[in-house]
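Good morning, and thank you for making time for this presentation.

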Amino acid sequence: MNDHLHDEESFTSQKIDWNVWKKILVFMKPLKKYAIFAIIFMILLATTDVVYPLISKFAIDDIIRPNMNGADADLSKLAVFIALYIGFMIIQAVSVFMFILFAGKIQTELAYNIRKEAFHHLQELPFSYYDRTRVGWIMARMTSDSRNLSELFSWGLIDLTWGFALMIILVVVMFIINWLLALVVIVLVPVMALVSIFFRKYILKAHRQIRKINSKITGAYNEGITGAMTTKTLVLEDNNYNDFDDLTGDMRVRSIRAAMIQGLYFPTMLFLITLGVALVYVVGGNLVFQLTISVGTLYLFISYVWQFFEPVNELAMLYANFQQAQASAERIVSLIETEADISDSPEVIEKYGTLFDYKLENFEEIIGDVKFDNVSFKYNIGEQVLTDFKLDVRAGQSIALVGHTGAGKTTIVNLICRFYEPTNGKILIDGKDYKNRSMGWLHSNLGYVLQDPHLFSGNVMENIRYGKLTATDDECVAAAKAVEAHEFIMKFEKGYDTECGEGGSRLSVGQKQLISFARAILSDPKILVLDEATSSVDTETEQVIQVAINKLLEGRTSFIVAHRLSTIVHSDRILVLDKGKVIEEGTHRELIKKSGAYHKLYTNQYSEEMLELSIR
Amino acid sequence: MEKLDIKNQSKKGILKTLGTMFKWMGNLWPLLIVAFIFLFIVSYVRTLLPLFGQHIIDVILGFSDGGTKLPAYIARYIVADTLVKELIIAAGMILILAIFRAIFIFLRRWISAHFGENIGYRLRNKLYRKIQNADYYFHSHSETGDLIQRCTSDVDAYRRFVAERIVEVARLLLLVGLSIWQMSKLNTDLTLISLVLAPVILLVATVYFKKVKKEFALIEQNEANMTTHVQENVSGSRVVKAFANELYEVKKFKNLNRKFTDSDYKLIKKMAFFWSSTDFISFMQYCLIAVFGIIYASRGVISLGTYITFLAYAGNIIWPMRQLGRVVGDFSKTTVAVNRLEHIIDNKDEYDDSEPNSKPKILGHVKFKNVTFKFDDSNKHQLVNVDFNVEAGETVAIIGKTGSGKSTLMKLLVRILDYQEGDVFIDSTSIKDIEKHYLRSNVGIILQEPFLFSKTVEENIGIADKEVQTDRVENVAKIAKVHDDIVNFEKGYKTLVGERGVTLSGGQKQRVAIARMLLKPKPILIFDDSLSAVDTETDIQIRRALKKEWKKSTVFIITHRITTAKEADKIIVLEDGNIKETGTHDELIKIDGLYNNIWKIQSRIDFQLEDGEDNE
């Protein structure tokens, strides 16, 4: 099984895959105008960054220097200075405000679109997808990956524009003012870039390792907490602690190592810049002495050396982030492009509408006959489960499926629900291949009650209404009453407004079952699939559930993966399955008389009741 | 489950929290002092650099005769016969200082990494220990997700604060302080002017970061709502599909997605305003310094070099203000984290010094004497005056409704819970006088919902003994009747269990847990309803195999099954915490009591089987 699960680490290719990025870029299309504005304001901002030192140079060369030899200071040009300065301050503040707004819009809307598309697609994916994909994997796509990408395309875009714009403008301005000093400064830039990329790569790698260990530590805490009682009963405290210590020890070593790399990176860059400053002082000082440049120009170049630091640093970081985001992009594309291997044909969609837009006017009334016509089935991985399976069920009949684990009971149920489709043969509903009608049609006429009922967070009323979204409160209450759930619901302080908790965690198993019955009966399906619970509830709850099940089955074609003796006994037909074949079929009475497989299963599985009979 | 209340704790004084934070540093605090010393060196060297500019412009290039502002111990080396040589010496000095500074930056980071990572390491281990040693009450009143969050993100918040934030504050304060000191030596008026707007920025930043915390909380809430929806949709995909509610799910997701996106963008808008306005104020400050500097320099009050130096220092003061504001604003976040961690750290261990360390030989005689128990937070007694006696080697079945106290009774025997009145004796020693680990090594309890670790099946069974042989593991797996299941897995005993591996059925889990417990012989063994998901036949087989292996062991079985109870040497019937009946099966069915009643209900199913007599 494990090999088929999507693995986090299987998406860490190093090469840039433009195909993937093209697919992500599609999401950017509607946001193009924001991106253009963001870029414009970023270029404006980069310009102001270059202009400020120029204004200071003006102050030095045109205000301070002329005054230095005179007696009275001539400050007439100070007004020009102030006007220029404040003018650019305003431009700068506006640019900052605007670029954050636009980048923010890109970030949030891009993430929104990716999540929307992914979720939409998830609804279309067949059940087999959920069978082989961990919830956590999907969750990570919806949260961290969409965030990574949206941040890259917003703030990354900003950094990219600003970094390049600033460097280009700086280089141009420097060359215009003095090419020799410009060369002195620019020589250092490639060195800084190489150093940055080198370090960034290692930092990224180190952080990836740390994150991996970190998730192991989180996992260990999870086990330590959820398994606390088991640990105590087996006296495993020291054992577990030593395992944990290995992890945290590893984390410490690697984190310190990562900090070392980072600790080397920053001083190295700083040294390179200082080297630039020193060079500019030597060369520029000479030029000032030779009267080739003014002292303001010297000041200007010293400022500009420092200004190279940030764009180089940020571009290197962006490069690293881009590599990291590639994995996110690949994973999201893989989710969105997962083909639904079970879907309605174009003709069916034409007639019945999509999953999200039913053409209810074309939905035929269902009768409830179900027929398996030489159905064969095997899961993508694994053995053949059903071979030439035949079954003819008339509307209103209840069918109990019994047999050992692996006999094919759940598979039959999965096929009826069209969670999977037959690999060969057909399933006919009211005499028509169910593939010729839409999934929406089938599911609006089908009820499904799970072994371990899944409730949603929200209150009891909302959970019942999930069976029929248009139902009124009264209808929901009536449904609850019909399956004997009303009584215990009313015992809650808040009655139907009681919150069920995530996955129904605040309710007991028995309560969850009854609510899921109410939900099913509300949808009033013609075909009902009941995957009966094996988990034990106390004897009295058991009885209530029994009564409820009987009500639920009334007047519906039903398929029951049965574990309760009384459910089996009450059904119209019992199918005894073994290795995908019906080995016996009939009513309880008929099968017992046969003294065959059912009899054996019955005496083994339900010997509890048998023993009690013998006592009597 | 109730949420752990942190409200009252967070009202504690900041000083006390700081004290706690210091306490957790343990003997590592000297590292922090060393880091501060290195920081001082780094910051001091940094504030020397602008003075070189002054020296080069004023002294070497001769723009002023006011002399150098560099400390004499540096200035005296920058003397040569030519200007070029002097420039080269000055540049060389700059580089030497840069190397010196780089080395200390690296050393400082190295020490900080050691400090921070060791603190994190110790705290993580300590928390793990604490959680393992915490009692039943603690675990039953905590939510796993909440605890994990404390152990991961709260630890990170604390570690980051003491190892990074404190150092960051120190660095900024040193930089600001030393810069002011250097400036004040140059010109007092200008120094004062440099400080006019700095406090404003600090204030704005502090207020802003405090305020947006609420915004962050809202975003987190909205994101949690959205991810919960995805989580439930994915894990409940069968239900979604079976009720054909895809459209509803998509619409609901769209709302939540939109809400999260909008709240995120709202924060970004605030960010845009904050960053642009503080940028504006910062440049206003620059402008002020520049204007006054120009006037002073023009009038000859300060030299040109001094003016340029001032501009450099101004940056050292202005830019740190926003960061300082951020740290101050974030402080309360750390306080909350620390308080949340304290809740775990200060929790009393289940094993403490007052525990006895006597380890008497345990044979298996168990005596409950007038035992009364209630949970600390409840008024209702779970067990009242429970009194019974079990000889070594006997098998006892405990039967009763959900909530009758069966499980509690058994938890007392292994001291997962401690009784308030009466006493429990094993071989005439009170269990409160027996060392807890030793007691639990001898009294094995298998819980109803056992926890398996995410290791292989083999490792899970052999978990209590790391040197265990494979054939021993297989042997106990055979007794627990799970061997056949295991060899049917693709990877047999090497099959990985849990989240990343195969999902075992409830019955398989229970049987693996039984095998695990059987690894080492136990004089007393408790099945806490731990055969509930195993079918009756297997149940019987396991119990018989066990009886054969462990003849001398005393066995307690909590069960719903009459078949199980019937074979016990003694049956204890509990109702509302009282022992209602004791005796053998044959004795109890003669009394018109609860046992008889349960027996009748369980057999009622058989009244429906008129064919029953055909079978035997």
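**Overall form of the two chains**

Chain B contains 22 helices and 10 strands. Its radius of gyration is 37 Å, well over the 25 Å that the globule rule gives for 616 residues, so chain B is more spread out than a compact globule. Please keep in mind throughout that this is a predicted model. Along its principal axes, the C-alpha trace of chain B spans about 120 × 60 × 50 Å. Of its 616 residues, 45% count as buried. If we take the contacts in chain B between residues at least 6 apart in sequence, 77% of them join residues at least 24 apart.

Let me set chain A beside that. Chain A has 21 helices and 12 strands. For chain A the radius of gyration is 36 Å, whereas a compact globule of 616 residues would have one near 25 Å. The principal axes of its C-alpha trace give spans of about 125 × 65 × 50 Å. In chain A, buried residues account for 44% of the 616. Among contacts between residues at least 6 apart in the sequence of chain A, 79% connect residues at least 24 apart.

**Domains of chain B**

How is chain B divided into domains? The domain assignment gives domain 1 as 1-185 + 331-353, domain 2 as 188-301 and domain 3 as 366-608.

**A covered strand in chain B**

I turn now to strand β3 of chain B, residues 395-400. This strand is mostly covered, with six of its six residues buried. Which residues lie on each of its faces? On one side are Thr395(B), Ala397(B) and Ile399(B), and on the other are Val396(B), Ile398(B) and Gly400(B); all are buried.

With strand β8 of chain B, residues 554-558, β3(B) pairs in the parallel sense over four bridges. Five bridges join β3(B) to strand β9 of chain B, residues 570-575, and this pair also runs parallel.

**An open sheet in each chain**

Chain B also has an open sheet of four strands in the order β2-β1-β4-β5, with antiparallel pairing. Its edge strands are β2, residues 381-390, and β5, residues 429-430, each of which pairs on one side only. Strand β4 of chain B, residues 421-426, is joined to β5(B) by two bridges, and the two run antiparallel. Here Ile426(B) stands opposite Thr429(B) in β5(B). Helix α13 of chain B, residues 406-413, lies across β1 (366-374), β2 and β4 of chain B, and runs at about 65° to β2(B).

In chain A, four strands form an open sheet in the order β4-β3-β6-β7, and the pairing is antiparallel. The edge strands in chain A are β4 (384-393) and β7 (432-433), and each pairs on one side only. Strand β3 of chain A, residues 370-378, runs antiparallel to strand β6 of chain A, residues 424-429, and five bridges join them. One facing pair is Lys371(A) and Leu428(A), the latter in β6(A). Helix α11 of chain A, residues 409-416, packs on this sheet and touches β3, β4 and β6 of chain A; its direction makes about 115° with that of β3(A).

**A residue in a helix of chain A**

Let us consider Ile168(A), which is found in helix α5 of chain A, residues 135-177. Why does Ile168(A) count as partly exposed? The reason is that it has 14 C-beta neighbours inside 10 Å, and a residue needs 20 or more to be buried and 12 or fewer to be exposed. Ile168(A) and Glu124(A) are 44 residues apart along the chain, and their C-alpha atoms are separated by 48 Å.

**Where the chains meet**

Finally, I come to the interface. Here 133 residues of chain B are in contact with 133 residues of chain A. Which element of chain B gives the most to its side? That element is helix α11 of chain B, residues 246-298, with 29 residues. By type, the residues on the side of chain B that touches chain A divide into 73 nonpolar, 35 polar and 25 charged.

Conventions:
Residues are numbered from 1 along each chain as its sequence is written. Chains are lettered from A and ligands numbered from 1 in the order in which they are written. This is a predicted model: local features need pLDDT of at least 70, side-chain atom pairs count only at pLDDT 80 or more; totals for chains, interfaces and linings use all residues. Two residues are in contact if their C-beta atoms, placed from the backbone, lie within 7 Å. Ala, Val, Leu, Ile, Met, Phe, Trp, Tyr, Cys and Pro count as nonpolar, Asp, Glu, Lys and Arg as charged, and the others, Gly among them, as polar. Domain bounds come from an automatic or database domain assignment. The radius of gyration is taken over C-alpha atoms; the globule rule is 2.2 Å times the number of residues to the power 0.38. Two strands pair if DSSP finds at least two bridges between them. Axes are lines fitted to C-alpha atoms, for helices over the stretch in contact, and angles run from 0 to 180 degrees between N-to-C directions.
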